[in-house]
Amino acid sequence: MKNADTFYILALEGGGTRGIYTAQLLAKIEQAFGTHIRTCFDLIVGTSTGAIIAGAAVSDIPMTDIVELFETETPYIFRRRWYRIPLFLSKYPNQKLAQVIAKHLPATPLSEIATPLMVTSSEIAKSEVYIFRSDYGCGDSEPAPTGKDVNLRDAILASCAAPTFFAPKSVDNFLLADGGLWANNPSTVAFTEALSVFGKEAQEIRMLSVGTGHSVNMYRNRRGWGFITGWGGAKLTSYVMTLQSQASARTTKLLLKENYLRINPEIDFWELDTLTQLDNLKSLADRDFERYAAEIETFISIL
């Protein structure tokens with residue numbers, strides 16, 4: 001049984017199609033331990049593709065369904081515009097992503113979601129961080145519940161609007177983009193929320209953080225380092241998000257020590273829209289579940 005004195009957090013990072021790794025790992029947890037992800041945690045936090053998975057978890061949608069979403073829907077979402085002019089249009093139209101989200105996740109108002117949920121985003125007009133929260137009240141220390149009247153689908157779409165890949169999402173007169181710009185790995189955000197909003201002490205917190213792969217082959221030395229020729233345009237977005245993920249993981253590990261379990265495989269450089277590695281990512285998730293199964297079971301006290 002879960003320890004009533006312990007506050008359990010699930011932090012899910014962004015990564016586009018690489019989110020199938022996260023979904024598959026969580027599906028293995030549900031299948032092996034006969035549980036629902038929602039019941040294992042006191043707070044679930046997601047960024048971008050992690051927000052899709054977090055939204056499914058709090059909606060009690062089986063993780064096997066979300067694995068299938070990645071397998072069947074990502075080729076549709078990431079089908080390039082044949083008429084796209086790179087300097088003027090985002091790489092993909094938002095409408096396809098919105099259609100897939102509407103097909104697979106409910107339009108539940110955040111205020112009606114029982115499980116504490118955080119979804120990160122970025123307010124690009126004012127250069128501010130933006131967080132969607134479900135309606136959890138925690139006394140005088142609670143920050144303004146940003147966006148709780150928004151429905152789950154719109155919060156996810158805002159969190160997924162990665163620069164150059166998708167256009168920003170307008171929600172309640174805010175212009176919102178991918179939460180990965182500042183919290184691709186939302187571990188430190190979740191830790192801060194547990195302290196400041198839920199009133200927990202650091203020693204009371206246990207966090208499972210699931211990544212979408214750490215690239216060990218992103219850049220090589222070259223002669224030209226222009227925006228397109230060297231930094232790679234959209235690749236730079238992935239690089240910045242990867243650095244944030246590492247910094248967040250290392251900081252949270254220093255704060256929580258053995259109470260922070262980070263699962264994140266080493267991968268080659270696979271872009272946010274890479275479709276050719278879905279099966280490989282599932283296999284990596286299966287491998288890592290076998291490697292960490294006993295630790296996961298003990299860590300979040302599933303049984």
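This is a predicted model: local features need pLDDT of at least 70, side-chain atom pairs count only at pLDDT 80 or more; totals for chains, interfaces and linings use all residues.
1. Residues are numbered from 1 along each chain as its sequence is written, and side-chain values use heavy atoms, with hydrogens and water left out.

2. Now to the geometry of that pair. Helix α1 spans residues 19–33 and helix α10 residues 278–299; they pack at an angle of about 45°, and their axes are 8 Å apart. Axes here are lines fitted to C-alpha atoms over the stretch in contact, and angles run from 0 to 180 degrees between N-to-C directions.

3. Which residues in α1 and α10 meet? From α1, Ile20, Tyr21, Gln24, Leu25, Lys28, Ile29, Ala32 and Phe33 take part, and their partners in α10 include Leu281, Ala285, Phe289 and Ile296. Contact means heavy atoms within 4.5 Å. The residues of this contact divide into 13 nonpolar, 1 polar and 5 charged.

4. Stepping back to the whole chain, the secondary structure comes to 10 helices and 10 strands. These are DSSP runs, with helices (H or I) of at least four residues and strands (E) of at least two, numbered from the N terminus. Of the 303 residues, 53% are buried, where buried means under 20% relative accessible area, exposed over 50% and partly exposed in between (1.4 Å probe, protein chains only).

5. Among the contacts in the chain with a separation of 6 or more, 73% come from residues 24 or more positions apart. The accessible surface of the chain is about 13,400 Å², and carbon and sulfur atoms account for 52% of that surface.

6. Is Ser159 buried or exposed? Ser159, in helix α6 (residues 152–159), has 0% relative accessibility and so counts as buried.

7. Asp172, in the loop between β5 (169–171) and β6 (174–178), has a phi near 50°, a positive value in a residue other than glycine. At 49% relative accessibility, Asp172 counts as partly exposed. Lys257, in the loop between α9 (234–256) and β9 (260–263), also has a positive phi, near 55°.

Conventions
Ala, Val, Leu, Ile, Met, Phe, Trp, Tyr, Cys and Pro count as nonpolar, Asp, Glu, Lys and Arg as charged, and the others, Gly among them, as polar. Accessible areas come from the Shrake-Rupley method with a 1.4 Å probe; for residues, only the protein chains shown count as cover.
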